[in-house]
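I opened the model to go through it piece by piece. These are my entries, in the order I looked things up.

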Amino acid sequence: MKLTLYRRDNCSLCEEALVMLEWLKEDYPFELEQIDISEDERLEAKYMFEIPVVVHENTVISQGRYDDSKVEDFVKYTLTSKKNV
């Protein structure tokens with residue numbers, strides 16, 4: 001399972017989201033990809049006022065202020081449901 005964090009340098013909400021995702025990785029096995037939106041005009045236009053944005057397979061899990069319980073519930077459910085398939 002891979003989550004993508006769309007972020008930007010000097011973004012306090014993005015730093016907070018990164019810390020929370022790193023803590024979550026200690027409990028659940030997933031890959032975390034970080035993408036700096038300032039390096040891609042298309043992404044910057046799409047997420048400029050929405051970062052940090054956490055995405056899994058084109059589904060937005062959290063945007064704006066990081067929602068810890070929502071992301072954790074999503075990760076827990078996704079990992080559990082894949083084990084039962």
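Predicted model: local features only at pLDDT ≥ 70, side-chain atom pairs only at ≥ 80, totals over all residues.

The expected span of a helix is 1.5 Å times one less than its number of residues.

**Helix H1**

H1 has 16 residues, and I get 24 Å from its first C-alpha to its last, close to the expected 22 Å. I then listed its buried residues: Cys 14, Ala 17, Leu 18, Leu 21 and Leu 24. Viewed down the axis of H1, these fall within an arc of 125 degrees, so they line one face of the helix. On the face turned away from that buried side I found the exposed residues Ser 12, Trp 23, Glu 26 and Asp 27.

Which strands does H1 lie across? Helix H1, residues 12-27, lies across E1 (2-7), E2 and E3. Its direction is at about 165 degrees to E1.

**The sheet**

I traced four strands in an open sheet, with the order E2-E1-E3-E4 and mixed pairing. E2 (31-36) and E4 (59-63) are at the edges with a single partner strand each, so one side of each has no neighbour in the sheet. From one strand to the next the twist averages 25 degrees.

I followed the pairing of E3 on both sides. E1 and E3 are antiparallel, with three bridges between them. Strand E3, residues 53-56, is also antiparallel to E4, and here I noted four bridges.

Are the residues of E3 buried or exposed? Val 53 and Val 55 on one side are buried, and so are Val 54 and His 56 on the other, which leaves both faces of E3 covered. For reference, side chains in a regular strand alternate between the two faces of the sheet.

**The disulfide**

How many disulfides does a search of the whole structure find? It finds one. The bond joins Cys 11 to Cys 14, with 2.4 Å from S to S. I read 75 degrees about the S-S bond, a right-handed link.

I checked the accessibility of both partners, with buried meaning under 20% relative accessible area. Cys 11 has 14%, so it is buried. Cys 14 is at 0% and therefore counts as buried too. Cys 14 is also among the buried residues of H1 noted above.

I went through the loops next. Where is Pro 52 placed? Pro 52 is in the loop between helix H2 (41-47) and E3. The peptide bond joining Ile 51 and Pro 52 is cis, with omega of about 0 degrees.

Asn 10 has a positive phi of about 60 degrees although it is not a glycine. Asn 10 lies in the loop between E1 and H1.

Key
Residues numbered from 1 in each chain as written. Heavy atoms only, no water. Pairing = 2+ DSSP bridges. Helix = DSSP H or I, 4+ residues; strand = E, 2+ residues; numbered from the N terminus. Axes fitted to C-alpha atoms, helices over the stretch in contact; angles between N-to-C directions. Contact = heavy atoms within 4.5 Å. Disulfide = S-S within 2.5 Å. Buried < 20%, exposed > 50% of the residue type's maximum accessible area, 1.4 Å probe, protein only. Arc of directions from axis to C-beta.
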